[in-house]
Amino acid sequence: MEDLTKRAIRAYFRRYGESAANPANYSGEETIDGNPYVRLENARGTLALYAIKGDRLMFVDPEAWPDSLRNAA
């Protein structure tokens, strides 16, 4: 698992708590609408999205998810 994905998972559990749904092992880095993200997901869908800005991750509020991701849900 990539370092950014591990960091995103840690941030996800800090934000939502240890009882939050577990991201699947296929979660990871991907390009959505031309921009790089770490997408945490499981069988039920996307759990969290983090924008990659250099070596930093920025949480993306679900209301601000790219249209292609929101329309797929």
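Is arginine 39 buried or exposed, and at what relative accessibility? Arginine 39 counts as buried because its relative accessibility is 17%, where buried means under 20% relative accessible area, exposed over 50% and partly exposed in between, with a 1.4 Å probe and protein chains only.

## Basis of the model

The model is predicted: local features need pLDDT of at least 70 and side-chain atom pairs count only at pLDDT 80 or more, while totals for chains, interfaces and linings use all residues. Residues are numbered from 1 along each chain as its sequence is written, and side-chain values use heavy atoms, with hydrogens and water left out.

Two salt bridges are counted, each defined as a side-chain nitrogen of Lys or Arg within 4 Å of a carboxyl oxygen of Asp or Glu. Arginine 39 forms one with glutamate 30, at 3.4 Å from N to O, and one with glutamate 41, at 3.7 Å from N to O. Glutamate 41 counts as buried because its relative accessibility is 15%. These shared partners link Glu30, Arg39 and Glu41 into one network. Glutamate 30, at 27% relative accessibility, counts as partly exposed.

Arginine 39 also takes part in a polar contact of 2.9 Å with the side chain of threonine 46. Such a contact is a pair of N or O atoms within 3.5 Å; within protein, one must be able to donate a hydrogen and the other to accept it, and residues adjacent in sequence count only if both atoms are side-chain atoms. Threonine 46 lies in strand β3. Leaving aside residues up to four places away in sequence, threonine 46 touches Arg39, Leu40, Glu41, Trp65 and Leu69, contact meaning heavy atoms within 4.5 Å.

Strands β1 and β2 run antiparallel and are joined by five bridges; strands pair if DSSP finds at least two bridges between them. Glycine 28 stands opposite arginine 39 in β2. Two residues separate the strands of this hairpin, in which aspartate 33 takes a positive phi near 55°.

## Helix α1

Helices (H or I, at least four residues) and strands (E, at least two) are DSSP runs numbered from the N terminus. Helix α1, residues 3-16, has 14 residues and spans 20 Å between its first and last C-alpha, close to the 20 Å expected at 1.5 Å a residue; the expected span is 1.5 Å times one less than the number of residues.

The buried residues of α1 are Leu4, Thr5, Ala8, Ile9, Ala11, Tyr12 and Phe13. Their cover includes β1 (28-32), β2 (35-42), β3 (45-53) and β4 (56-60).
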